[in-house]
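Hi everyone, thanks for coming. I'd like to walk you through one structure today, so please have a look at it while I talk.

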Amino acid sequence: MNMIRHTLVQFPLNPTPEVPHDDKNFEHKRETEMKIEPNSDDSEQKGNSSDEEGKDLVYLEEALKNVLNSSTVIMKEEEILKQFQMRLLELENENNKTLENFFNAMDQLSTDVCINSREALWSYVNDADNVGKKKYMLNIVKEDEEIKRKYWQILKERYKSDIDNATDPRLQRRIYRIHNRDTNAQIPDSEERSEINEMQSIWALAMVCPYNVSTCNADNTNLTIKDLTSVFETSNDTDELAYYWKSYRDATGRKIRPLFEKYVIRMNNFANSEGFHDMSEMWFFAFEDDNFVTTVQTLWNDVKPLYNVLHDYVRTKLKIFYEELYKRDEKSVPAHLLGTMWAQEWQAIYSKVVPYPEHHLSRLISNDTVKPKYLLDIVDEFHRSLGFESARGSYENIDESSDSNCLPSSHDMCDGINYRIRWCDDKVADVNVGLSRAARLLGHIQYFKHYRNLSLIFRDAPNPAKIKNQLLGLRFSSPEEVLEEYEKYVSELTNPLYLKSLNNFEVDTSVEANVNYLLWVALEKIPLMAYAKVLDEWRWDIFNAESEVGANEKWNEHWWELRERETGITAPLPRNESDLDPASKYQVVSHIQYITNNNEEKKRERKRKNDDVIDDIKRKNNGTW
């Protein structure tokens, strides 16, 4: 008789605040034995005694209750993790494998772990309140990071002569990729995260007191960054905006400053141990450009004239809108007037600076809403017109339910067959924003599909500076053509002339409407380039102990020097070295490069880590904020 044995664990639906959420000792249900006989029927079961049958029915009833309960997890996950750990241990202990056989075995293990990791992530993001799914997802991701570290460690120790004598370009590329993945995997889950974790904790739980409240206390200091984001997008009260701008930096950067000094030292020491001069050099390694800083500055010099034109136009318009604020002919714009907490993109102030307000952007007929699947179909059809295969399978069964904690994302399930999209809204009212999101999500899916036949090590972007949706390069012979076609692709989907050919859209195709549309796009894209360049350049200077800035630690002063010189943005209020205004940005406290922070995978990783930080702080505070 075949026997299938599952250990069922019942998780409480509402853990009490007194018991740590993740550390609660869940009650293990007794093992349930379900007896199954192949090709059996009722007549074959009649030989069982009534007592035996009664016990089986009790066990079966209990098992079904647990299986059908959404808070129950069948504990096969532990066995899966142990299997992966054993396979990795075997690879560590085997000394007789050729380099090629080692690559094959390690690639297969990496792929198997990746498939399980993506399934676990997908399961978790669709059921984020399930503690069991979250713990398994974190464990499998940790195992994935461990494999990346071991891959390089075993390779450099056991196959050093093969590495030193490698002449084949593909082999050299594989070795580089393995090393680079190891370098990127080291920080997130190592002991070097001490200050990073503390800084994330401060950032994640930062709250400020409401404007115009006479007395601030623990009860009314409850506005989060989500609340403040809404204020910056809608408020025209410059005093209110300045208050929140300063209060949020007091709650983040000012508190983080002492930790940041320790973090810089620790990161540089870690980079030294990996053979780099400092952490900035370790970051540059992934770009494969010996003159990376010069390259960035050259590219910025090409873009800056356009940025200056946009900046001058926006400054002039804001001067009219906030007439009382501009008492002199300033050439800069105060940071709190640009529609976001960090002034990194300015689309939120479009209504204040639009050149032709009587000409509206493209919109749905009768200001109606559409389902996300309709927009995804439009993008998928557009992709097929370019010669790509349909990606409809990635969103056929899309969950369109609205969830405030959801993050739109594209998922490569690592098996070369399955791809999934998470949208996060049940309806779309702004067609421009909706189509842009659809294009981004399906663009990633097309990228995944085009590289599915490669070894896992070669499926990621060639380096962090890849052109998004680089798959378009498959059809063209030069980088210039790739960029030209990419820009056409990005602008085409929300272009009024294209939307006019579709149903359900009210489109103004006048010259004035097109100018409005181009400004709407520019307000998002151009300032973001400037902000990314300045934010990362500031950190490169801080990490470089031999630079004047790195040595004298006038870090906040340097930030505003860069911000004003390169972007024409100034602080609305006086700042000093007790402040650390860049640390009000999540990427800074989380050790994430901003220039490369442009894909869904990183956004998912950022949200996962932020959720972990919040859960950890909740546990320490007995389940409360």
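**A buried histidine, a buried arginine and a helix pair**

Let's start with H444, which sits in helix α16, the helix spanning residues 431-450. Keep in mind that this is a predicted model. The unreviewed UniProt entry lists H444 under "binding site". Is H444 buried or exposed? With a relative accessible area of 7%, H444 counts as buried, because the cut-off for that is under 20%.

Now over to R257, found in helix α11, which covers residues 253-273. R257 has a relative accessible area of 6%, so this arginine is buried as well. Which residues does R257 touch, if we skip its neighbours within four places in sequence? Its contacts are E553, W555, N556, E577, S578, D579 and L580.

Finally, the helix pair. Helix α9, residues 225-234, packs against helix α10, residues 238-251, with an angle of about 150 degrees and axes 10 Å apart. Since angles over 145 degrees count as roughly antiparallel, that is how α9 runs relative to α10. The crossing of these two helices is left-handed.

And who makes the contact? On the α9 side we have I225, L228, V231 and F232. Helix α10 contributes E240, L241, Y244, W245 and Y248. Sorted by class, the contact between α9 and α10 holds eight nonpolar residues and one charged residue, with no polar ones.

That's my tour, and I'm happy to go back to any part of it with you.

Note on methods. Residues are numbered from 1 along each chain as its sequence is written. This is a predicted model: local features need pLDDT of at least 70, side-chain atom pairs count only at pLDDT 80 or more; totals for chains, interfaces and linings use all residues. Side-chain values use heavy atoms; hydrogens and water are left out. UniProt positions are given in the numbering used here, feature names are shortened, and annotations may be inferred rather than shown by experiment. Helices (H or I, at least four residues) and strands (E, at least two) are DSSP runs, numbered from the N terminus. Buried means under 20% relative accessible area, exposed over 50%, partly exposed in between (1.4 Å probe, protein chains only). Axes are lines fitted to C-alpha atoms, for helices over the stretch in contact, and angles run from 0 to 180 degrees between N-to-C directions. Angles under 35 degrees count as roughly parallel, over 145 as roughly antiparallel, 65 to 115 as roughly perpendicular and the rest as oblique. A crossing is left-handed if the near helix is turned anticlockwise from the far one by less than a right angle, and right-handed if clockwise. Contact means heavy atoms within 4.5 Å. Ala, Val, Leu, Ile, Met, Phe, Trp, Tyr, Cys and Pro count as nonpolar, Asp, Glu, Lys and Arg as charged, and the others, Gly among them, as polar.
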